[in-house]
Amino acid sequence: AQKITQTQPGMFVQEKEAVTLDCTYDTSDQSYGLFWYKQPSSGEMIFLIYQGSYDEQNATEGRYSLNFQKARKSANLVISASQLGDSAMYFCAMREMYSGGGADGLTFGKGTHLIIQP
Amino acid sequence: NAGVTQTPKFQVLKTGQSMTLQCAQDMNHEYMSWYRQDPGMGLRLIHYSVGAGITDQGEVPNGYNVSRSTTEDFPLRLLSAAPSQTSVYFCASSPGRAGAYVIEKLFFGSGTQLSVL
């Protein structure tokens, strides 16, 4: 079974609308972290937001927020007031404290290609 | 403000050739790692290191070697390149502490586009 599932291969959204990118995860660890990265067409990986499994509040960073629903194992990224520059690939990733060996690394989803239309 | 530096940015190899992808970070990070990115597959972990002299395998280690003689450098070696190794390679680091269980964001290099003919 995939550990990170992103069910939206591609999305088209009108500029200034809010966007929700879906991410579900699978882990038996109690301690884990969830990350979102943005990859524009230039190719670099840009960190957007982080949510720890014990964090009670949803993480927010500027226009980005993470809708964390622990019981449903869901960590959706919400982008408010989308801009043309938000067009990119978006990756959800997880790091497990114990199942992944602690220092192992991030497990990535396959990504969602978001295109913002004017 | 160098962060994580990868060289080269692009490389074309013939099947069977060997080469080393370089990765250096100037943030004194203990943890370093290599990922490959293939279309439709996301990023997959190749090898990682939690400090100088300590390396371990990730999800897809076959065909790759690594070493970590200094905190700053973490080169990835392809001993005999194969077309299946055509990919974009990313080096990433985080502060980490050797042997410690911490969850931190990764700082990525800009990537190396490798083609094996």
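User: Is B:Thr15 buried, partly exposed or exposed?

Analyst: B:Thr15 counts as partly exposed, because its relative accessible area is 48%. The cut-offs, found with a 1.4 Å probe on protein chains only, are under 20% for buried and over 50% for exposed, with partly exposed in between.

User: Before we go on, what am I looking at?

Analyst: This is a predicted model, so local features need pLDDT of at least 70 and side-chain atom pairs count only at pLDDT 80 or more, while totals for chains, interfaces and linings use all residues. Residues are numbered from 1 along each chain as its sequence is written, chains are lettered from A and ligands numbered from 1 in the order in which they are written, and side-chain values use heavy atoms, leaving out hydrogens and water.

User: Which residue forms a salt bridge with A:Arg63?

Analyst: That's A:Asp86, with the closest N and O atoms 2.8 Å apart. This pair links distant parts of the chain, 23 residues apart: A:Arg63 sits in the loop between strand E7 (60-61) and E8 of chain A, and A:Asp86 in the loop between E9 and E10. A:Asp86 is buried at 1% relative accessible area, whereas A:Arg63 is partly exposed at 23%.

User: What about A:Asp26 and A:Lys73, where do they lie?

Analyst: Their side chains meet in a salt bridge at 4.0 Å, N to O. A:Asp26 lies in the loop between strand E4 (24-25) and E5 of chain A, and A:Lys73 in the loop between strand E8 (64-69) and strand E9 (74-79), so the pair ties together parts that are 47 residues apart in sequence. A:Asp26 counts as partly exposed, at 37% relative accessibility. A:Lys73 is partly exposed too, at 29%.

User: Chain B now. What does B:Asp38 pair with?

Analyst: B:Asp38 forms a salt bridge with B:Arg44, and the closest N and O atoms are 2.8 Å apart. Salt bridges that share partners join these two and B:Arg36 into one network. B:Asp38 is buried, with a relative accessible area of 10%, and B:Arg44 is buried at 19%.

User: How many salt bridges run across the interface of chain A and chain B?

Analyst: The rule finds zero there. The contact takes 23 residues from chain A and 19 residues from chain B.

User: What area is buried between chain A and chain B?

Analyst: About 1900 Å², and carbon and sulfur atoms give 63% of it. Buried area is the accessible area (1.4 Å probe) that two parts lose on being put together, summed over both. A:Met45, A:Arg95 and A:Phe108 supply 26% of the area that chain A buries against chain B, more than any other three residues.

User: Last one: which residues touch the most other members of the largest nonpolar core?

Analyst: Of its 25 residues, they are A:Val19, A:Tyr25, A:Trp36, A:Ile49, A:Leu77, A:Tyr90 and A:Leu114. A nonpolar core is a set of buried Ala, Val, Leu, Ile, Met, Phe, Trp, Tyr and Cys residues joined through side-chain atoms within 4.5 Å. E10(A) gives the largest share of this core, four residues. A second, separate core of 20 residues includes A:Met45, A:Met97, A:Phe108 and B:Leu43.

Note on methods: Contact means heavy atoms within 4.5 Å. Helices (H or I, at least four residues) and strands (E, at least two) are DSSP runs, numbered from the N terminus.
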